[in-house]
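Hello,

I am handing over the structure we talked about. Please have a look at it first, then read my notes below.

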Amino acid sequence: MHKDRPRQLSTAEERRETVLRTAIGAFAARGYFGTTTAEVAKAAGISQAYVYRLFPNKELLFVAVVEHCFVQVRASLERAAAEARGGSPEVVLTAMGDAYAKLISNNDLMLIQLHAQAAAVSEPAVREAVRQGYARLVEYVRGASGGSEEQIQTFFAVGMLCHLIVSMGADEVEAPWTRTLTAGITHY
């Protein structure tokens with residue numbers, strides 16, 4: 001360290017971001033139920049007490065991770081809609097779908113979504129975060145694309161199918177059933 005410069009301590013917000021980034025990896029690897037705040041603290045290089053200072057409990061930490069992932073999805077869809085080569089619902093939805101396929105090639109984000117959906121079954125706060133995240137995404141996609149109800153539903157259904165294909169490695173299996181599920185689906 002240089003003598004003339006005072007030591008710069010990280011702010012609570014910087015620590016919060018570090019914990020959030022670390023928690024994404026931990027929750028992606030082991031899910032909500034399999035991850036402890038002690039593991040997140042150790043990986044972030046801080047005490048478990050400090051994690052609790054930033055996030056009063058594991059549930060709130062996981063909800064923050066889920067919300068962060070929805071923000072990433074929305075940003076990706078916004079960029080795709082802005083860069084779409086045309087304004088028809090089909091063109092915009094195709095551009096957003098391609099951007100989403102690229103985004104979930106980052107397995108951590110996809111795994112957080114899968115773990116959040118699983119935890120939502122029994123954890124009310126997680127359920128509410130997932131509901132709110134999808135509510136905002138559906139309304140954004142509807143507004144940005146101008147698509148019909150059926151087009152919007154198909155967009156999200158194909159996204160869920162992408163989760164299934166990627167999570168089970170269906171593209172690595174040569175069989176009639178995998179050809180059926182993966183037909184027309186772009187995977188990165």
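**The annotated regions**

The end C-alpha atoms of residues 36-55 are 13 Å apart, and this span is 75% helix and 0% strand. UniProt, in an unreviewed entry, gives residues 36-55 the feature "DNA-binding region". The record also has a second feature. It is "domain: HTH tetR-type", again from an unreviewed entry, at residues 13-73. The end C-alpha atoms of residues 13-73 lie 22 Å apart. That span is 87% helix and 0% strand.

**Confidence**

Keep in mind that this is a predicted model. The protein chain has an average pLDDT of 92. Of its residues, 95% score at least 70. Which element has the lowest mean pLDDT? Among the elements of the chain, that is helix 1 (residues 12-34), with a mean of 91. Helix 7 (residues 124-145) has the highest, at 98.

**Around A84**

A84 sits in the loop between helix 4 (58-83) and helix 5 (89-103). Is A84 buried or exposed? Its relative accessibility is 17%, so A84 counts as buried; the cut-off for buried is under 20%. What does A84 touch, leaving aside neighbours within four places in sequence? The contacts are V91, V92 and A95. Take A95 as one case. A84 and A95 are 11 residues apart in sequence, yet their C-alpha atoms are 5.7 Å apart in space.

**Around helix 9**

The loop between helix 8 (149-167) and helix 9 (176-182) holds M168. M168 has 37% relative accessibility, so it counts as partly exposed.

T178 lies in helix 9. With 2% relative accessibility, T178 counts as buried. Which residues does T178 touch, not counting those up to four places away in sequence? They are A170 and V173.

**Where to start**

I would open the view at residues 36-55, the span that UniProt lists as "DNA-binding region". Then go to A84 and its contacts V91, V92 and A95.

Best wishes

Terms used
Residues numbered from 1 in each chain as written. Predicted model: local features only at pLDDT ≥ 70, side-chain atom pairs only at ≥ 80, totals over all residues. Heavy atoms only, no water. Helix = DSSP H or I, 4+ residues; strand = E, 2+ residues; numbered from the N terminus. Buried < 20%, exposed > 50% of the residue type's maximum accessible area, 1.4 Å probe, protein only. UniProt positions renumbered as here; feature names shortened; annotations may be inferred. Contact = heavy atoms within 4.5 Å. pLDDT = per-residue confidence, 0-100.
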